[in-house]
Every structure is written in structure tokens, then in C-alpha cells.
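Q: Please walk me through a few features of a model, one at a time. I would like the general idea and then the case at hand.

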Amino acid sequence: MTANYFDALEAELRAAVPRATRRRFRLRWTARRPPRAGVLLSVVGVAVTVAVVIVFASLAGHQRTPPHRPALRHPLPGARAVPPPPLGSVPTLQQLLDNFGVLRGAGGGNPFSSGQKNLTRIARVFPGGYRVYVYVRRFVGARVTNLATESYALNFGIEDSHGNSSAETGFSVYPISWRAPPGLRARPGEKALWASLVPDGVARVTWTFSCRPAPHTNPRICAGFHAQTVTMPVVNNVAASEIVGLGRGAMPTITWRASNGTVVGPSFGGYGNLAAPPFVKGEREGRQLRVLRPTGIGGAQLGQSSSNAIQTLERLLGPPAHLNVRRGDCGIDHETVWASPATANLLTMFQHGGRFAGYRYGAPGPDLALGQGPGAVLATSAGLTINDTVARGMRLYGSGFTTSRANGGTWRVRGSGGPLAGNVLPMTYPVRGVKRNDRIANIGVGQVGCPASAR
Amino acid sequence: MDDEALLSATAGGDADAFAAFYRRHLGLVVGFCLRGAGDREAAADLTAEVFAAALSACGRYRAQYDTAAPWLIGIAHNKLRESQRRSVVDDGVRRRLRMRPLELGEDDLERVEALASAAESAVLAAVDELPTAEREAVRARIIDERGYRELAVELRCSESVVRQRVSRGLARVRARMSAESEKGGRP
């Protein structure tokens, strides 16, 4: 590693001066008609004011949305380019096993009732008595509206020496804190354990917490918590550290590094997502079928009897992973699910009263994501599929493509056959509106989040 | 030596002049890039590209003020916006100038923060020295991002008065920063 980046940069700039000044900008400039002095003066005056405003605005950036973090482009020796992560799908069990070595190790106790008995691991034990568990949850026909049938979720929990455990946290690249329950609440300034899940291939994690000033106060005074940077090794797919003085709302920027020091992710700011870094195993490519329509899927039409629709889809995709699973929410009474290797992502066909009532392709909400599996990639007639950007949707559908902040970010296309809609996977945190580089998380018909009820 | 002289000398091939210019404004650019990008690695990468772009364009610099800081921040703003649009930090200028890629170590990342912090302190100190009315207006409008109408109600004056206070306050800060910049030296 270079001892001092900025000294090295100065040396590079010095060396580049002869190359830069050989360009004779002055001659080119004078060859053109010089601008009138008054115009130039006013333009520069405006630019100076704007620049100063920008400086101040950037200094006040604690209170604003952290902008999308650009990925490193100027390649460091040995570093690889970071392609967009494969998002918009729920993981298969095999993907979890492939990408989280802790699950491939020996088992442990299971303090979390919802975890799979043979897929719970004690990942870390800390001197203060904290234990960090990693465990897999499986959802098959459960009455959980935001989790699809055949979803496998990797969760982690923290338990203290008294057996008090954290609530289930879902999986997140953002660290969560564990504090004592109200009766044992930690005093101000006391340490709290923070932890997050990290896939294989990440050796060190850095969290950078920014100071959060209170509104209308001196921005140098951190009201909520102080700026700090914590770097820790990853052990058993868990990055964890005891940190003093952070509130629950602290959300750091995160850097994952491989054992050779290169930055491997996350190159995104996905909110609540254990999005796959580039090295996560799993196929993304597959034949694309443009069959997702407002009126149904391929030859299967909404309103058709469920059995006929399923037969049609079986001819198109192969047999479903789960047939006629009983559900009782959102006006749906049954659902049939195709999963990898039939389809790259989950295709959930909703049934009501023996009829094909709706469908959803992709993750159920904006907060589940991992690599796709092998299988057919389903798309709309125009070619929109999950993991596409909002910008692509706009290009494909023009003004017919609209977005909303509702339900954590949604998109919608209204065509002659009816609406197509879905969730948007936000790429920045905190989420303040849908942005052009956000991703399509799922595609369905009817009202987002409750597809069958609107039809 | 002021910025115009340094850049003019750079355009004539004086590498020491550009090094002095670089050291004078490094903190400002790093601070701007760090706040904009929210990421230390990206801030360091952006800083390198900004100074490379400044070096490329030094022959076109025409001084309107005592300092080239606004010009430099303008370049940084463009680079930042471009990187956000493309989701990558462009390295086109550095490639054109055949500059070698640099590695970042942990110490460098800490230095990014230290440089940014120093620059931020300088600007905030300049704000603190404003007359009370202007300081309140600048803080409320620029730092707290409140609207002119809301401020006019709170300060019991017209919107135009608030605008005037903000404008005058910024002008004073600008002048102060120019003077600081004139002193030069490594941040």
C-alpha cells in the first residue's frame, strides 16, 4: 500500500504538468472570439455564488439524503470492476449455503423459534456474554404477506448473558444494535453491540457513522451520535463490534474488503437488503420470456380457472415448485409457485375462488434480495424485468411509466390491458423518493403488495 | 503568490506552482468531495480527478476573484454530479495525462477525514464571525435549508431582507475564505 495517497497524488500531478501544458489551451482560446467582459463577469459571479452555496449545502449534508455513493472507477492494482449486484430475488437455500460459510459448519442451539433446527449457528461469542446467532427461516404457505412461499431468509439475532435476545432482525448489510431491554437499559456512553451479516469473501468491514446534528443547531455539535469509523474483521460471516454512544437510528456507510484489501462491496446502498456482491455464487443469465402481461402470463389469462392456467404455465415453464398452497390474506386463498430452475426468480400465481386472480414475479417486497437462480427470466412484452433500473422502465414505456414513494417505492405502467406494477428496490438510504437508478424488485398485476385484491 | 499567478505559472510548465496550488486547496476539495460522495474512497478518487482536470484546464483560468476556490469547486461539482449520474468516478483526465492509479491505505482514509474536517472548520469559523443577523440568516438558509418565507416570518422582516442578509453573509464568507486561501500552505 502507498504510504500517503495525497503525497503520491501531488507527485503524479507534478509529473503530469509537462504533459498537460503541452496542449496549448491558450492558443485555442484566443483563436475564438473572446466573450464580452460583461457577460463573462456575470457568469463567473453567478458561478461563484452557486459554488459557495454548494459548499455550505454540502457541509449541511448531515441532514440530507446521503447521495448515491459512486463506485471506484480508477482501478486499483488487482481490484476488479464492480458490476451491478444481482438484485430482486429471494435466495434459495442452496444459495445461502453456497455464500455463507457459517451455515456449512457445525450446528448450534436455537434460541429463535422460527429458525430451521439444523440451520442455526452460534457465529460469535463476545466477552460481555453476547452471542450472535445466524439462522435460516423458511416460509412455505405461511401467513406472512411480505414473504413468498419458498422464501429462505437468513437472519441473525443477538442474545446477552441473561438470555435476553434481540428481536428478529431480518437480514441486512446495515448493522443493527443490541441494547439491553428497558429494565437493564445501558447508561449513556455505555457500549452496545452492533452486528451485521456478510457473505463469504469479505474479510474486513468498515462502518462510517456520520455526526447527526440537531436541526437549527451548530452543525459541529452532534446531537444524536458522534462521527466515528469502525473497522472490524469478519468472523463466521458476522461483522460485529461493541460501540459506545450510538443511537438506534445510526446508519453508517459500509465498505466490504476482501482479504487482499480490495474493496468488494457493497457498491450500492440498498436499504435492508442483503444484496449480493459480485462474487456471490448464482446464475443470472437465462432465456428471457416476455410473457408478463396485464392480462395474465403468456397464454394463461386472469379470470381463467386455476387448473387451466396452471396447465398452460406448466407447458411454458415446467412443473411448479409448490402447487395450490393455501393462503389466507389479501383476498387470496391459494397460490402456486414456480422457482428456480424453472424460473430464475419466484413466480407466484395467486388464486381466488378457483380462478387465476393475479401474479407476482420476483421478491415480494422492496426488502428482500439476493442472487437469481438458473432458469427462465420473465419479462414484460416491452422487455422490462426485475433488476432493471427505473431509468430503463422510463425508456421502455415513456410517460406511461410512473413511480411513487408508496409502500417504500413502487412503479406502475398503465396500458390498454390494465396496469402492471411492482416494488422498487431503493439503491440509497434513507429512502426519499424513487430514483432513476433504483431497481425493479418485482412485477405483478393489481395493487402492489396485495396483487389479487384489486382485480 | 495568488492562485492566478500559480495557475499561470503552471500553464507555463512550472510543476512547483501547481504543487503549491494543490496543497493550498486540497482540504477544500477533499471536504467537498467527501460530503458529496459520502464515501472516503470515492472522495479520494474524485479529488484526484478534480485536480487533474484543474491541471488540464489551468491555461483557461481567468481570475475574477482573489481565489480560484470557486473555480475549483465548480470543477468538483461537475465531477461529482457526473460520477453520481454514471455511478462511477470518471478517470478520463487522469488517463489522458497518463497518471498512474494510486492505492489507498487506512491511513489515507483517515487523512481524507482530517483534511475535510479542517476545511469545514475554516468555513464554519468564517460563518461564526459574521454579524449576528447575517449569521442567523446564513445558518438558517444554507445550513438548515429553510425557506425564505419561513425565515421572514420568524425574523419578522420581509423575504427580500432575508435574501439580502444571506447574500451579504455569503459575500463576507467568500471574502474571508479568499483571504485564508491567500495565506496558502498545506491544509
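**Burial and charge**

A: Let's begin with B:Asp91, which is buried, at a relative accessible area of 1%. Buried here means under 20% relative accessible area, exposed over 50% and partly exposed in between, using a 1.4 Å probe and protein chains only. Before going on, note that this is a predicted model: local features need pLDDT of at least 70, side-chain atom pairs count only at pLDDT 80 or more, and totals for chains, interfaces and linings use all residues. Residues are numbered from 1 along each chain as its sequence is written, chains are lettered from A and ligands numbered from 1 in the order in which they are written, and side-chain values use heavy atoms, with hydrogens and water left out.

Q: Which side chain meets B:Asp91 in a salt bridge?

A: The rule first: a side-chain nitrogen of Lys or Arg must lie within 4 Å of a carboxyl oxygen of Asp or Glu. For B:Asp91 the partner is B:Arg95, at 2.8 Å from N to O. B:Arg95 is partly exposed, with a relative accessible area of 47%.

Q: How many salt bridges does this rule give over all chains?

A: The count comes to 14. One of them pairs B:Arg100 with A:Glu12, whose closest N and O atoms are 2.8 Å apart. This pair joins two chains, because B:Arg100 lies in the loop between helix 5 (92–96) and helix 6 of chain B, while A:Glu12 belongs to helix 1 (residues 5–21) of chain A. Helices (H or I, at least four residues) and strands (E, at least two) are DSSP runs, numbered from the N terminus. B:Arg100 is exposed at 59% relative accessible area, whereas A:Glu12 is buried at 6%.

Another salt bridge runs from B:Glu113 to B:Arg40, with 4.0 Å between the closest N and O atoms. That pair links distant parts of the chain, 73 residues apart: B:Glu113 sits in helix 6 and B:Arg40 in helix 3 (residues 40–57) of chain B. B:Arg40 is buried at 7%, and B:Glu113 is partly exposed at 29%. There is also a network of salt bridges that links A:Glu10, A:Arg14, B:Asp16 and B:Arg23.

Q: Which residues of helix 7 of chain A are buried?

A: They are A:Val390, A:Ala391 and A:Gly393. They cover an arc of only 160 degrees around the axis, so they are on the same side of helix 7 of chain A; the arc is that of the directions from the helix axis to the C-beta atoms. Strand 19 and strand 21 (418–425) of chain A are among the elements covering them.

Q: Last one: what is the phi of A:Asn237?

A: Most residues other than glycine have a negative phi. A:Asn237 has a positive phi of about 65 degrees although it is not a glycine. A:Asn237 lies in the loop between strand 7 (228–235) and strand 8 (238–244) of chain A, and is buried at 6% relative accessibility. B:Arg98 also has a positive phi, near 55 degrees, but counts as exposed at 56% relative accessibility.

Conventions: Contact = heavy atoms within 4.5 Å.
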